[in-house]
Amino acid sequence: MKLPRWFHRFGSPPYVYNLSDAIAPWLGWSALVVIAVGAYWGLFVAPPDFRQGEVYRIIYIHPQTAYVGMMAYTLMAVSAGIGFIWRIKLAHAVGVSAAPIGASFTFCALVTGAIWGRPTWGTYWEWGDPRLMFELLLLFLFLGYLALRAAFDDRDKADRVSAVLAVVGVVNVPIIHYSVEWWNTLHQDPTVSNLSEAPSMDISMLIPFLIMVLGFTLLFYWLLLRRLQAEIIERERGTRWLRDLANEGAG
Amino acid sequence: MPFRAFRLVFGRDLRIAFRRVSEWGNPLLFFIAVSGMFPLALSPDRLMMAAGEGEVYGLQSLGIGVLWMAALLSSLMGLDRLFLSDVEDGSMEQLVLSPAPLLSVVYGKLAAHWLVSALPLIFLVPVLGFVYQLPSPALGMIAFAIFLATPTLTVLVAIGAALTVNIRSAAAVIGLVVLPLCSPILIFGARATVLALDGDAAAGPLYLLTSLAFLAVSLGPIAIAAAVRVGLE
Amino acid sequence: MSEIWVMDGNGPYVWVAYGITLAVLIWNAWSARARLRRNLRNLVREPAREEPARQPKVSQL
């Protein structure tokens, strides 16, 4: 399969490393600012909810962490798939870097969701609720990916085997998303991600909501790039470009 | 070529299975032992307290959970026999290198595995259901639901087996990877059985089990073949 | 101010949720940076050199 030229640039570790190094600070600082603004807005400026009062404010972190977790898994699965099919090591590096971040965000989503559930639905957790079960499955898929990798001594083998798992598990992401439509769950129907109609959230809440989505996304990519850089260094040990980079910095 | 390969591998695996009965027999005995022994660990008084409306000592609800979980674990036990012995003695490599399409080989193995490991389970589960005093509609439902669930279980277990074929501590990884993937089966299967117990229609979960089965059987073997190839590298 | 803290009695829920999330994100940030720093330091240590090696500059964030 003939691929465009720029695609090959992204298969080059030094190129990606240096690009990441250049972009990361921008992502990091803007993430910090956006999250700070969004959190302040959501906690102190936005009005209380008609039904839930003040506790609704978890809406400014819970859906965002869940969304980032799902995006992280999709990115991991796509990169792992690309790495598997075209044998591009860098793609596997992206997958490996995304996994712990995605697991963390998914963990946050589960925890903030449970905390939110207690005062609103009356329970921290509901076994058998589809969205909760599949979100928990997502966390296990991240952990399983990492555990599977750890069981191999040969990194290439670890890459390829875990790639199969990552791709198999990607069906879970649309299942989580559509679970509220397909089943009767404790969760409410989608208000913002439902693209066929205008969001039903009030604008005074929608703005900080979206700000936090942006902020968490920027944060994710900053974390990803930094982890990717570390991963590239580990994989490219002994290569000339890396030695030049080290000398450059130290000389 | 594909069908011939399927038939040949299917026949071969079946013949091997009948020579090594304990390979697939032990997981079934495990199922009988676990689900049969569970009531021994429970005191009748506490069960009576946990009883729902019209339930016999709460045993029935417990029984549904135990039967499904034991069926799942028993399926997991049969993981090794799918690929390990073939990889170890080199025949898997020969199969991969042969002109036979690997997908046919995988389907052949899955079919043979299902026949000896899953089919008996479909008959065993309602029999053990007697122990939990499940009424006949529930017994029929659990057998049917297990029947619908087994293709997916077979495929998922095979994915786990293919991924871990050369790993030292496969068991831990499998627990982390395969069991959570099986959780939808558990949820829907148990739900269908409980609905049947209450006398309600269980079409919803059954449809879901069926669609999961179709999904698994159509796409799963592709992943399994890929994993087997990687495992042999 | 205390009104925001208490939140009609639901204060603990909101603040614990935000707190845990913040903690996890901070841990992620720290762990990613620490790993990168460690790898860069090890890089420098590998080739033997006469002058003392200075740590390569990692951008601010």
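The legends below describe close-up views of a predicted model. Local features require pLDDT of at least 70 and side-chain atom pairs pLDDT 80 or more, while totals for chains, interfaces and linings use all residues. Residues are numbered from 1 along each chain as its sequence is written, chains are lettered from A in the order in which they are written, and side-chain values use heavy atoms, without hydrogens and water.

**View 1. The interface of chain C and chain A.** Contact (heavy atoms within 4.5 Å) links 37 residues of chain C with 45 residues of chain A. Of the two pairs of chains in contact, A and C share the most contacts. About 3800 Å² is buried between them, 69% of it on carbon and sulfur atoms; buried area is the accessible area (1.4 Å probe) lost on putting two parts together, summed over both.

**View 2. A salt bridge between C:Arg35 and A:Glu231.** The N to O distance between these side chains is 2.9 Å. The rule (a side-chain nitrogen of Lys or Arg within 4 Å of a carboxyl oxygen of Asp or Glu) finds two salt bridges across the interface of chain C and chain A.

**View 3. Chain B and chain C.** No contact joins these two chains, and their closest C-alpha atoms lie 22 Å apart.

**View 4. Helix α10 of chain B, residues 203-232.** At 1.5 Å a residue, the 30 residues should span 44 Å, which agrees with the 42 Å between the end C-alpha atoms; the expected span is 1.5 Å times one less than the number of residues.

Definitions and conventions. Helices (H or I, at least four residues) and strands (E, at least two) are DSSP runs, numbered from the N terminus.
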